[in-house]
Amino acid sequence: HADWRVLNTQALVVGKVSEHGNQVRMEFQLYDVLTQQRIGGFALVGDQKDWRRVAHKFADAIYKAITGEEGYFDTRIVYVAESGSGRFLKTRLAIIDQDGANHRYISDGRTLVMTPRFSPNMHQITFMDYGPTRKTPRVYVMDTNSLQKRQLGHFPGMSFAPRFSPHGENVIMSLSQQGNSSIYTMNLKTGIAQRLTTGPVIDTSASYSPKGDQIVFNSDRGGTQQLYTMNADGTNIQRISFGGERYATPVWSPRGDLIAFTKMEGGQFYIGVMRPDGTGERLVAQGYLVEEPTWAPNGRVLIFTRQERKSKSQLYMVDITGYNEQRILTPNSENALSPAWSPLIP
């Protein structure tokens, strides 16, 4: 393996695939080129139709061996596929592998759907559905395998879709009343909702910390739209954003160390990250319209939507360093909106 040093190659993967009836055996070995030592490798046997998942598991193992971080390749993304406009607007929930493969629709487009979110166990998503009249927002939970769904409730004042708590017992959402918007949490078993914020303000876009003990949200309580954190019971509200005109769509990292957000300043949109106390703000993407970041389960990669002037909205992936931005392929004829990243597939 020493010959690879000439190309400044740091690591080398050697793989092998063999067929055994309907089964396929895939194996790989990972070597450090500098030391010429084996640093990882294993083999898996599965159905031939599952070869992509096996490759994703290999990629996760290689990623972890080289970086020390958990991988994110054996995951899926749910998003809203939008086509048409006005009376002919059609929205469908769609699921793809994180690399854009295995695209499939999981709703029929007969109703207006918005902002899907994965549950912690990955087998369920929660989303908003406005029904045939497009005037009655309801919150549903859907099983991603059977596609069976059940209604959580009818929320006439819904202003932002719910997210699951880290352990899946609750969903957090915002409800509007008389021009104001407050954050509520609802227990999925009992159906009991608890109001967390009050006042003549607009509080929305709430997201739990991975431990479930804190919540980040955006609010205009300070005069402009900024990011705030609070305890899970609504106490100890603290402003954490101070570096721009407006902030929105905060999402807490699965690792707990960062909060991703959308920032609007000087006519431009940005995707950024900051620490939970508001320090260390770093912008990782910008454009005419970039928004709605969502975290990979390892907390080191983001997916977001990007729309340039007179173009369709598309999904993009970027490292939290701001490098390695790339498009995730979805049908070119549709807008791709509101992505959510699954946990690692069990």
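# Strand pairing, pocket and cavity

Strand β4 (residues 76–83) and β27 run antiparallel and are joined by 5 bridges. This is a predicted model. β27 (335–341) also supplies at least two residues to the lining of the largest pocket, and β27 is among the elements that give two or more residues to the lining of the largest cavity.

**Sheet with β4 and β27**

- The strands β6-β5-β4-β27, in that order, form an open sheet of 4 strands with antiparallel pairing.
- β6 (104–105) and β27 are the edge strands of this sheet, and each pairs on one side only.
- Glu82 has Asn335 in β27 as its bridge partner.

**Sheet with β15 and β16**

- Another open sheet has 4 strands in the order β15-β16-β17-β18, and its pairing is antiparallel.
- At the edges stand β15 and β18 (238–239), each with a single partner strand, so one side of each is left without a neighbour in the sheet.
- β15 pairs with strand β16 (residues 214–219) over 4 bridges in the antiparallel sense.
- Within β16, Asn218 stands opposite Thr204.
- β15 (203–208) also supplies at least two residues of the lining of the largest pocket.

**Largest pocket**

- The volume of the largest pocket is about 590 Å³.
- Its lining consists of 24 residues, and Phe118, Pro120, Trp252, Pro254 and Trp341 lie nearest the centre of the pocket.
- Besides β15 and β27, the strands β7 (113–118), β11 (158–164), β19 (246–252) and β23 (289–295) each supply at least two residues of this lining.
- The lining of the largest pocket divides by class into 15 nonpolar, 7 polar and 2 charged residues.

**Cavities**

- Rolling a probe the size of a water molecule over the atoms shows where empty space is left.
- Searching the whole structure gives 2 cavities of 30 Å³ or more.
- The largest cavity holds about 90 Å³ of space.
- Of the 12 residues that line the largest cavity, Arg117, Arg163, Thr249, Glu292 and Pro293 lie nearest its centre.
- Two or more residues of the lining of the largest cavity come from each of β11, β19, β23 and β27.
- By class, 5 residues of the lining of the largest cavity are nonpolar, 4 are polar and 3 are charged.

Definitions and conventions:
Residues are numbered from 1 along each chain as its sequence is written. This is a predicted model: local features need pLDDT of at least 70, side-chain atom pairs count only at pLDDT 80 or more; totals for chains, interfaces and linings use all residues. Side-chain values use heavy atoms; hydrogens and water are left out. On a 1 Å grid over the protein atoms alone, a cavity is a set of points where a 1.4 Å probe fits but cannot get out, and a pocket is an open set with protein on both sides within 12 Å along at least five of seven lines; lining residues have an atom within 4 Å of a point. Grid points are joined across faces, edges and corners, and a volume is the space filled by probe spheres set on the points. Ala, Val, Leu, Ile, Met, Phe, Trp, Tyr, Cys and Pro count as nonpolar, Asp, Glu, Lys and Arg as charged, and the others, Gly among them, as polar. Two strands pair if DSSP finds at least two bridges between them.
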